[in-house]
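Hi everyone, thanks for coming. Have a look at the screen while I bring up what I'd like to walk you through today.

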Amino acid sequence: MTLVRPADGELAAFAPVDFGAFVRERGAHAPVMQPRMGMSDPAAMRAGLAATKRAAASTVGTITLDSYTRVGDLGAVTEALRQGIALNGYPIVSYPERQTAEVLAGLRGRDFPVQVRHGSPVPQAIFAALIRLRLNATEGGPVSYCLPYGRTPLADSVRNWEESVRRYAALREQGVEPHLETFGGCMLGQMCPPSELVAISVLEALFFHHHGVRSLSLSYAQQTNHEQDVEAVWALRRLAGELLPTENWHVVVYAYMGVYPSTPGGCYRVLGLAAELAARTGSERVIVKTVAESVRIPTVEENVAALEYAAEAADLGRTGTPRMPAGESQTYLEARALVEAVLELDPDPGRALVQAFRRGLLDIPYCLHPDNRGRASSYLDEAGRLCWADLGALPLRHLVRPAGARQVSSSGLLADLSYVRRKFDEECAVLPGGRGLPPEQQRRAIVSSR
Amino acid sequence: MHGGAALVADRRPTVVVSGVASDSHTWNLVFLQLLIEELGYQVVNLGPTVPDELLVEECQELAPALIVLSSVNGHGFQDGLRVAGKLRDCQELAATPLVIGGKLGIGGEQNERQIGELLAAGFDAVFQDGATGLADFQRFINTAAGANRLAGSPGVPA
Ligand code: B12
């Protein structure tokens, strides 16, 4: 591998493209594709970025950070690197800056922005590294990087994120536009009804904006019913349009973030639907998942195959110019009610979020975090739509008739969690020609059978 | 996530379910809690990203019949190896049945050498995805912790 050594001072002078502007332009007609990708070996990380850039799709790059860096256990990173144990991501805080600069050299540029993805409620050291490296795109949020990611108190996470976002926003004074994506559209990956995902995504975007970031994206993770997802993404777009005081925002759709199918055909089918979801709603970016999702960290090749497949599927899934449906959908009404109830609590969005969880105005089903009330619950109906079983104190009584709390067994929980896996593994097993073929041909068979 | 204080009245033996230090996944923990409760135990679920010291403290206080660690983020091998030593170093936990399971490395397949190291570090059983199933775990519970349960003396080795 040849490494281009950046000269001293070159980093400080490096002016990266605005991730948000780039995606809005490239993704105006078909969504930009992005992998989840992070390796602890710098050469492998560089090769992964290079392959993403080369892929036959419109792409942006990703550096996903490892779990030790996320929880701030840098000693464990050192220990793993010393013993040659591969991590589940790239330890950006532990490597010297120069090392990461070499990973990026010649790859990131005006045609290929790179985003860092982590999952830390204590992100100060990570943000400091990003600022030094002029890595001006990342994701997260005070709620979405806290409740699903450990035991840091929510109020601490809010403070940590305020501090970090303000520092990140200060990059603007140096002519660098920092971009932040909300992770709120994913809460725990599964079993959270879409209206609450939409609400938290919007609230986190407002939080970022409040603290000075002007280039934003809002996430929504594909759930268990395609039509419900379409409604949710439109609700997200509508609310964002109404509430965000900037034009520079876009929507990113994540391929399913819960228990993934185990057959290659099933995996591609879910991915194809995620791409179609983006295409149908005019969403500008998609984060893909691979055939390895249910068992291990994917290889670079698996990731490239997923990027290319999803680009193809988005193309096929687009039927004319996406138009926001008229009328206020149920998901929109619920999401708006949640957002309004939270914003009424305090003019400061961080304080409002802390209050909201304390009072149960936001409440994530199945979330073990001590700052989550844990009284709201959810279930899947026969069509696979995510519904409220119990509202707890969620301010939705005027809009929803909850089905009533139910006793969940271990096998019942597993059945709900495995709904998508089951459905798509079974569906693809009956697809003509879709089984037992090598991935490349299988992809073709699946695309052409739609 | 709750501590062990308020469990006095319950006569069922206690099982501790816990994530390891770097792992934030919780669906595995919620699932294991339900499964083990259905087998007739009371479960104290310590939640995700449990620092080694907290796990040791809670186990010392609870004197459980069984400690079940779960990890799926790919760091389970390293985290498990480290904390097993710390648990086994406590006299009162030196013989408590201790298991770990999930997706322990990032490669997806079982690694005999790593499983051997985990067993050597103090685990009584390793339930690596793909290699062993939930049935094996249920069998283990019915023997290892079950022996204590019949003896009515949680914490005593099986
Ligand atoms: C949901 C999910 C998340 C959610 C978790 C939310 C939450 N609070 O739980 C979010 C999005 C936040 C998340 C984050 C991350 N995730 Co994740 N996640 C998943 C996903 C999609 C589903 C997991 C799930 O819910 N399973 C349902 C539960 C009930 O089952 P389970 O956890 O699979 O456990 C089963 C068995 O393993 C077994 N088992 C587990 N433990 C034990 C213990 C014993 C004793 C026994 C007997 C059995 C047992 O029993 C269960 C039932 O069969 C999986 C992939 C998949 N499976 O499809 C990835 C996955 C587990 N995640 C992964 C990773 C790496 C991460 C991250 C590090 C981000 C990253 N680099 O990609 C972070 C975690 C950060 C951290 N500090 O740890 C990897 C792990 C790779 C590996 N081991 O090789 C997976 C496999 C995805 C992938 N292919 O890359 N994730």
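What do the buried residues of H16(A) pack against? They pack against helix H11 (264-281), strand E9 (377-380) and H15 of chain A. The buried residues of helix H16, which covers residues 419-429 of chain A, are Tyr419(A), Val420(A), Phe424(A), Asp425(A) and Cys428(A). "Buried" means under 20% relative accessible area, "exposed" means over 50%, and "partly exposed" is in between, with a 1.4 Å probe and protein chains only. Helices (H or I, at least four residues) and strands (E, at least two) are DSSP runs, numbered from the N terminus.

Quick housekeeping. This is a predicted model, where local features need pLDDT of at least 70 and side-chain atom pairs count only at pLDDT 80 or more, while totals for chains, interfaces and linings use all residues. Residues are numbered from 1 along each chain as its sequence is written, chains are lettered from A and ligands numbered from 1 in the order in which they are written, and side-chain values use heavy atoms, leaving out hydrogens and water.

Now, back to H15(A). The axes of helix H15 (residues 410-417) of chain A and helix H1 (residues 27-38) of chain B come within 8 Å and cross at roughly 150°. The axes are lines fitted to C-alpha atoms, for helices over the stretch in contact, and angles run from 0 to 180 degrees between N-to-C directions. H15(A) and H1(B) are therefore roughly antiparallel to each other; under 35 degrees counts as roughly parallel, over 145 as roughly antiparallel, 65 to 115 as roughly perpendicular and the rest as oblique.

Who makes the contact (heavy atoms within 4.5 Å)? From H15(A) we have Ser410(A), Leu413(A), Leu414(A) and Leu417(A), and from H1(B) we have Trp27(B), Val30(B), Phe31(B), Leu34(B), Leu35(B) and Glu38(B). Take Leu34(B), which lies in helix H1 of chain B. Leu34(B) is buried, at a relative accessible area of 16%. Setting aside neighbours within four places in sequence, Leu34(B) touches Val408(A), Ser409(A), Ser410(A) and Leu413(A).

As for chain B overall, it has 5 helices and 5 strands, in the pattern β-α-β-α-β-α-β-α-β-α along the sequence. Of its 158 residues, 56% count as buried.

On to the rings. Over all chains, the count comes to 14 aromatic pairs. Rings of Phe, Tyr and Trp (its six-membered ring) pair if their centres lie within 6.5 Å; planes under 30 degrees apart are stacked, over 60 edge-to-face and the rest tilted. Tyr90(A) and Tyr95(A) make a tilted pair, 5.2 Å centre to centre with 50° between the planes. Tyr90(A) is buried at 0% relative accessibility, and Tyr95(A) is buried at 13%. Phe183(A) and Tyr254(A) have ring centres 5.8 Å apart and planes at 35°, so that pair is tilted. Phe183(A) sits in the loop between strand E5 (179-182) and helix H9 (194-210) of chain A and Tyr254(A) in strand E7 (residues 249-254) of chain A, so the pair ties together parts 71 residues apart in sequence.

Last bit: charges over rings, meaning NZ of Lys or CZ of Arg within 6 Å of the ring centre and within 35 degrees of the ring normal. Arg36(A) lies over the face of Tyr254(A), 5.0 Å from the ring centre. Arg406(A) has its charged end over the ring of Tyr379(A), 4.4 Å from its centre.

Note on methods
Contact means heavy atoms within 4.5 Å.
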